[in-house]
Structure formats: C-alpha cells, structure tokens
Amino acid sequence: MNFDSKSVAAIVLCLAFYLAYSHYLSTKYPNKDAQTAGEQQTPAGVTPPGTTPASAIPPALGTPAAALAEAQAALPKLAAEDLVVETDTNIYKFDAEIGGLTAVSLKGYQTEKVVGAPPINLLQEPLVLQGTIDPKQTAPVRGVFGAERTGRTVRFTRLTPTFKIAQEYTIPDKGYAAKLKVMFTNVTGGPLELPAGGLLTRQKITFRKAQSFGFIPGTVVERDQLVRYDGANNLQLNDLQTYCAEPEAIRGQNLALDFIGFDKHYFLDVLLPKAKKLSLDVSVVEYSEAHCALAFTLFDSFGMVAANETVALDFDTYFGPKDLEILKAIDPKLEESLDLGMFAFIARPLLAVIEGFKKLTGNYGIAIILLTIALKILFYPLMRASAVSMHKMKKLNPEMTAIREKFKDDKAKQQQELMKFMGANKINPMKGCLPILPQIPVFFAYYTVLQTSIHLRHAPFFGWIDDLAAMDPYFITPLLMGVAMFVQQKLTPTTGMDKTQEKILLFMPIMFTFMMLTLPAGLTLYMLTNTVVGILQQRWLYHKLDKLNA
C-alpha cells in the first residue's frame, strides 16, 4: 500500500495527539482504571528499584480477576447467631456484609427512665472499620467478606490482587473494651511497598437537638460530638452538626493519636491506636440538616512487605459509659474524654465528694445536699466577714442617710463624702460580695458535674424527682428556690443602696427561677439547699451580732 507524505504526516500527528492526550488523562485521572473490589488503587510513596507499590499493581500482575472472584466466593461464612458476641456489660452485633459492627448495646443503661425501656445502643448507624491500602478511599467495601469465629474472636477477610486484608475483633468476657487487629498479607510473589491503614466510616449520624422550655435554653442530653485526643493538642471536641456543616481540617501526618471517635455525652465509642504515629484524614461524605456521614482514614507506612509476610495495625476499642474509674482502668488518657470545662480543678473534687457521700447515704440527692452544707461551712468565714460589714453599715445608716440628704443635688460630692465616711469608720462595702464570688466557679463546676456524670443519669432523689440529671418535671424545686432567694433578699440589709439598686436585687430571684426551670434537678437542689442554709446562717449571725452590740 502506498502512502503519500501528507498521509504519513497526518498519521504521525494523530499518534502524537493520542499519546499527548493519553498522558494528560493519566495525569488528571490516575485511578480511573485501577478500582478493584470497591477500592481505588493509588500509588503512594517512593518505590525502590525492582519493586512495585501495592496500590499500583493491576489484576493482571497479581491474581487474575476471575480467580480472585472465585477465591472471594470460597471464603468461609458465619450464621447470624455466630455474629453476636456478649460480655457481662455489652452485646456486640456484627455484619459480614460490611465486615464490621451494626450495634453495641449496653446492658446496664436504658434509653429512658421507664420500666422495660431497651438498653442504650451506641451505634444508631453501622460502624464500618475496614483495612485499606488506598489513602483516598472514603466508600466502604461491601459484600465481599468471608467471616470466621474462634471462641470470642470474629474475623472478616477479603482479597485484593495484591493483599489479603482482614479485620479481627477479640471480645473479652467482661468489660467495655475490645481489641481490633487489621492485618495485611502480601499474596504476590515479590516484595511490595505498603502504605495501609483503617477506614472508619459512620453513615447517617442523626443530629440530636437540645431540650428546651419556651425561650429558656435547655440542657443538651446525650448529644454526639467528634472527639480526638493526641496528648499535645489535648482534647478536641467538635459538635457534629457544626463540624459537618463547616468541615474543619483536623487531618495531619505522623500524629501521636491517643484516641479518636464519638462522644455521646454520657457515653463514648472510640478507637485507641497502638501505633506511636499515624496519619489522619477526615472527610464529610454526606451532609443534610438532619444527619451527616463521615469517613476517617488512619494510615501508617509499613515500608516493604515481603511475599507472604503479614503486617498489622492494632487498636483497642471502648464502647461504654464515661465513668472515670472504668476509663482510668482501661487507659488513663481516656479520663480526658470527661470534659469538665474550665473549672475542672473544682469539678473533679466535687464529683469525688459526691461519690463518697453517695456511698454513705445510698442516694445522690442526699449526697448533693450534704456536699452543699459542707461548702457552706467551708465558706462560713467569708459569710461572717460579710455579715459583720453589713451589720456595721446598718448601725451607721442614719449618718450615711444624712450625708445623702445634705448632698442630694451634687451626686459626685455625695459619693465622695460617703466614701470618706466609710473609710473613716473602716467600712468596706465590697465585703458583702465575698460569699458570692467563690460560689460562681463552684456553681459552674457543679453544673458541669451534674451534666456529665454518668452516675447522676437516671439517679432518683425522692417523689417526683426520678432523674437528678434532668429538669424537675413539675418545676417545684426551681419555684421553691425562687421563693427562698426572695426571702433571703428581703432579709439582707440594703444599707447604702439607692431604690433602683434595691429593685434590681429584688428582680434577681425571678431571673434565677426562670434560668433554673430547665436545668438539672440536681443543680436546682443544690441552689435551693444553698439558699436555705444561707438564710439560716444569716439569721444566726445577725442574732449574735445584735446581742454583742446590745
């Protein structure tokens, strides 16, 4: 066949265009044709001469596709009853379709304070944790797992052209902790470079709203948060709805990651990697106003893996309550998951004392009352200093009234003369605030304890109060507290105050009553006890001071 010069030139140009365009496509879409068994195969790292990275080997160089499918189909299976494992505290339910967990129920904790209520299930959506050799994978593999069980160990296995990948769960007889091992076995005839890790996904995490009463902010009960602790940045808590709507970069390379997972207010489900350093990536796979789906990849570089060699990533898991004693026994770092806020240094001793009083009395409500009385005794010197100052101001009130009357048309001069008079008589009006100031951090620390302590969840007091961590359903204790605060305010001398200040102080009980309506009954019980004991201390002190000055 004869070709003229124009034909040859056209063929050369077409071939050049084809090669250039093919190079462009391979650069722009490097993984387009490398997807096998639900995984994208992505080269990673630098490959020594004579070796091939695992993710770059097409099926033709590893196991043929037909043989791979046949071997996959021959993997062992388990009956449904063999996919359920129990401890004395938990029930784990596995699913071979995803090679992971679909439910972890806590036997000792009910969903609500109702007879016959089901146990808490920490997984409202499946927890998929799969081994992966692709750092960019976000979608879990489905339907290709073999399942085996030996005693209390359940193993899920799948095959790729280059590696056999397995995740193995070992469930203990007792407790909330379990072990997870993700294993990679080189099934080719030569060494392969392996950057590999675990893909952790949670599908359709439903956002839970705060309870509320009218326009008063309510308490947040068992909300879901993304929790991470790495020892250097300390504890990171991200509200899931906020995080999913506006994703933040919490990814990083070579992190000293102590644990990562989900904080459910009173409960925790987390992974604790055993590797000293891991790389972390987090992706928001799906988001709506009602729910979101997240994918985590926890990666490590294993370097070169010889033929038939198996390497593994090891994790501990925790699915259970945020109980300090239990968390500390498993791993002291887990204690950090109990976020007690900026006043943690006060909250921790308060929690310990409440636990001590509860052991003595058998009732958390009585323990709160006893702790409140103990705090009032502790703060008594400040209370006494305030009472002495107020009593002294009461005696000198006629003279101070005379000064106000004399300089009623010159407020600046009036204030100057009052300060001079109080200085000469060694009166410090700020002493009246002394008992209040220490109670502010104690109040917030108490609030945090009552909102986060698992022991107070569903803990009864008496009568209508059957859950100290929830609001008083009939608002009886907040209303009693408001009345007690009003009485205390009326009994407190208002010497040195003008009429406007007196009215503002009388409004405080009303404001506090509305604030306490939806706060935990345990916190309201503390405020009520604190106010009643304060009235008794105040009346006794004024009686003693009146007798001394009679």
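These notebook entries record what I looked up in a predicted model of one protein chain.

**Entry 1. The chain as a whole**

I began with the secondary structure, which comes to 13 helices and 19 strands in the protein chain. I then looked up burial: 45% of the 550 residues are buried. For contacts in the chain with a separation of 6 or more, I noted that 67% are between residues 24 or more positions apart.

**Entry 2. Aromatic pairs**

I asked how many aromatic pairs the chain holds, and the count is 13. Among them I examined Tyr92 and Phe319, an edge-to-face pair with 6.1 Å from centre to centre and 85 degrees between the planes. Tyr92 belongs to strand 3 (residues 90-95) and Phe319 to strand 19 (residues 310-321), so this pair ties together parts that lie 227 residues apart in sequence. Are the two residues buried or exposed? Tyr92 is buried, at 1% relative accessibility. Phe319 is buried as well, with a relative accessible area of 4%.

I next took up Phe461 and Phe462. Their ring centres are 4.6 Å apart and their planes stand at 70 degrees; this pair is edge-to-face because the angle is over 60 degrees. I checked the accessibility of each residue in turn. Phe461 has a relative accessible area of 15% and is buried, whereas Phe462, at 49%, counts as partly exposed.

**Entry 3. Helix 5 against helix 10**

I looked up how helix 5 (residues 344-361) packs on helix 10 (residues 436-452): the angle is about 60 degrees and the axes are 9 Å apart. That angle makes helix 5 oblique to helix 10. The crossing of these two helices is right-handed.

Which residues meet at this contact? From helix 5, I listed Ile346, Ala347, Leu350, Leu351 and Ile354. Their partners in helix 10 are Pro441, Val442, Ala445, Tyr446 and Val449. Sorted by class, the contact of helix 5 with helix 10 has ten nonpolar residues, no polar residues and no charged residues.

**Entry 4. Helix 5 against helix 6**

I turned to helix 6 (residues 364-378), which packs with helix 5 at an angle of about 125 degrees, the axes being 8 Å apart. Helix 5 and helix 6 are therefore oblique to each other. Their crossing is right-handed.

On the helix 5 side, I found Leu350, Val353, Ile354, Glu355, Phe357, Lys358 and Thr361 in the contact. Helix 6 contributes Tyr364, Ile366, Ala367, Ile368, Leu370, Leu371 and Leu375. By class, I noted eleven nonpolar, one polar and two charged residues in the contact of helix 5 with helix 6.

**Entry 5. Thr524**

Last, I looked up Thr524, which is placed in helix 13 (residues 521-548). Is Thr524 buried or exposed? Thr524 counts as buried, at 1% relative accessibility. What does Thr524 touch, once residues up to four places away in sequence are set aside? I recorded Thr477, Pro478, Met516 and Leu519 as the residues in contact with Thr524.

Terms used. Residues are numbered from 1 along each chain as its sequence is written. This is a predicted model: local features need pLDDT of at least 70, side-chain atom pairs count only at pLDDT 80 or more; totals for chains, interfaces and linings use all residues. Side-chain values use heavy atoms; hydrogens and water are left out. Rings of Phe, Tyr and Trp (its six-membered ring) pair if their centres lie within 6.5 Å; planes under 30 degrees apart count as stacked, over 60 as edge-to-face and the rest as tilted. Helices (H or I, at least four residues) and strands (E, at least two) are DSSP runs, numbered from the N terminus. Buried means under 20% relative accessible area, exposed over 50%, partly exposed in between (1.4 Å probe, protein chains only). Axes are lines fitted to C-alpha atoms, for helices over the stretch in contact, and angles run from 0 to 180 degrees between N-to-C directions. Angles under 35 degrees count as roughly parallel, over 145 as roughly antiparallel, 65 to 115 as roughly perpendicular and the rest as oblique. A crossing is left-handed if the near helix is turned anticlockwise from the far one by less than a right angle, and right-handed if clockwise. Contact means heavy atoms within 4.5 Å. Ala, Val, Leu, Ile, Met, Phe, Trp, Tyr, Cys and Pro count as nonpolar, Asp, Glu, Lys and Arg as charged, and the others, Gly among them, as polar.
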